[in-house]
Amino acid sequence: MPRRTGYAVLAALAAVVILVSTAIFIGLGGDNGGTDSRAQGARGAADPASAGSWVGTWSTSAAAAEPRTLRGLSGMSIRNVVHSTIGGTSARIQLSNFYSSRPLTITHASLALAAAPSNPTAAAGTMRRLAFNNRSWVTIPPGKAITSDPVRLAVPDAADLLVTTYTPQASGSVTYHPHARQTSYMARGDRTEDTAGAAYTQQSPYWRYLTGVDVWSKQAEGAVAVLGDSITDGITSTAGANHRWTDFLAERLRSEQGAPRFGVLNQGISGNRVLSDGTQYPPNNPSGLSRFDRDVLSRTGVKAVVVELGVNDILRIPHETDPDRIVWGLRRLTEQAHARGLRVIGATLTPFYGHRGYTPQLDAVREQVNARIRAGRVFDDVVDFDKALRDPISPLRLRPMYDSGDHLHPSDNGYRAMARALDLNHLRGRTAAEL
């Protein structure tokens, strides 16, 4: 073989070896788990090469523009604390600017595991800088949302995550979820990648801008999205304890043999109704019908839907006293889900005798809605929350051990009873109801 030809063959073989070695390195997860965020911008951007899929592990519904934030929260780092329902090997987030009339520019964002529950300190080695289309900054137009590039991060089941954003300039009203039942934090200046929580001296009961976290999972079958009101929002659950009924549902899905491996996405908004939006424009507290696409159908990996709505249509002014209209709205939700091939489990409306809004006439509307739900042709399957929570001695009221004290919202024990009432097999069913 001529010497020149031999050199060429050797060079080609060397190039093949380098390519194969690089492929093996990437396939094994070349990210060393360190906190050098500049390196992770390159290493963590691509989807994992192995089989798996994206699935929602946490979400919340944008509910309104935060009061007194017309100029945004410029110069502040916002560290949202959220709780995963299912784990994965990589993660990405969704940020929303639904309730501002001005563009929102975020120049720095990060994701980490919390060192301890409800704590702003990041666990060692877990801080990741987030990118958006390979850039460290993003501008979100008014009324829009954006998803970050993925980063490699081992997210456990049932773990607290820290999602931090920094906005240097005035950006208009802050899109938020007011009843988080979870303490988040703020710090002055750009403290986005601070692993210590010392600078995060301001506590907050809200989630701001953040509306979703997805994970890449080899085990997950998908997610169940729960559309609901304050009962799903968990407004009377113990703050910071993750004792909403959806949290107890996620616990069942993780622990019970044969249960579907689903993430749980809580799309509850306190005061939410099936038929009517809130005030202002865009509407705060948008109705279940108007937000179904945004909050359910667009969520990552959704395979089943649970609907817990209708009590506020009856109780809130103007009262809806025609049960047929409420049932019509619930059927429209099921039809929208069926158009996407999704199964819907619908909940009966829970008792509220003793609540300040109770009247016999309004309760009669609730009973008529429940009769139609139980009779079928509204949802594919029914979870009977009324039966699960009512007092067997006085069925118009909540059972005392399940009553938070306001005679409308459940206690932690009541939320656990709701999760127990759901037949997990219904989440996997295929047959659609005839509406």
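Predicted model: local features only at pLDDT ≥ 70, side-chain atom pairs only at ≥ 80, totals over all residues.
Our opening pair is helix H7, residues 323-339, and helix H8, residues 360-374. They pack at an angle of about 40 degrees, and their axes are 9 Å apart. H7 and H8 are therefore oblique to each other, and their crossing is right-handed. On the H7 side, the contact is made by Pro323, Asp324, Ile326, Val327 and Leu330. H8 brings Val365, Gln368, Val369, Arg372 and Ile373. Sorted by class, that contact has seven nonpolar residues, one polar and two charged.

Now, H7 has another partner to show you. Helix H5, residues 288-297, packs with H7 at an angle of about 30 degrees, with the axes 10 Å apart. So H5 is roughly parallel to H7, and the crossing is again a right-handed one. Here Gly288, Leu289, Phe292 and Leu297 of H5 meet Trp328, Gly329, Arg332, Leu333, Gln336 and Ala337 of H7. This contact divides into six nonpolar, three polar and one charged.

Is Gly56 buried or exposed? Its relative accessibility is 1%, so Gly56 counts as buried. Beyond its neighbours within four places in sequence, Gly56 is in contact with Ile86, Val213, Asp214, Ala223, Gly263, Leu265 and Thr300. And although Gly56 and Val264 are 208 residues apart along the chain, their C-alpha atoms are separated by 7.4 Å.

Note on methods. Residues numbered from 1 in each chain as written. Heavy atoms only, no water. Axes fitted to C-alpha atoms, helices over the stretch in contact; angles between N-to-C directions. Helix = DSSP H or I, 4+ residues; strand = E, 2+ residues; numbered from the N terminus. Parallel < 35°, antiparallel > 145°, perpendicular 65-115°, else oblique. Left-handed = near helix turned anticlockwise from the far one by under 90°. Contact = heavy atoms within 4.5 Å. Nonpolar A, V, L, I, M, F, W, Y, C, P; charged D, E, K, R; others polar. Buried < 20%, exposed > 50% of the residue type's maximum accessible area, 1.4 Å probe, protein only.
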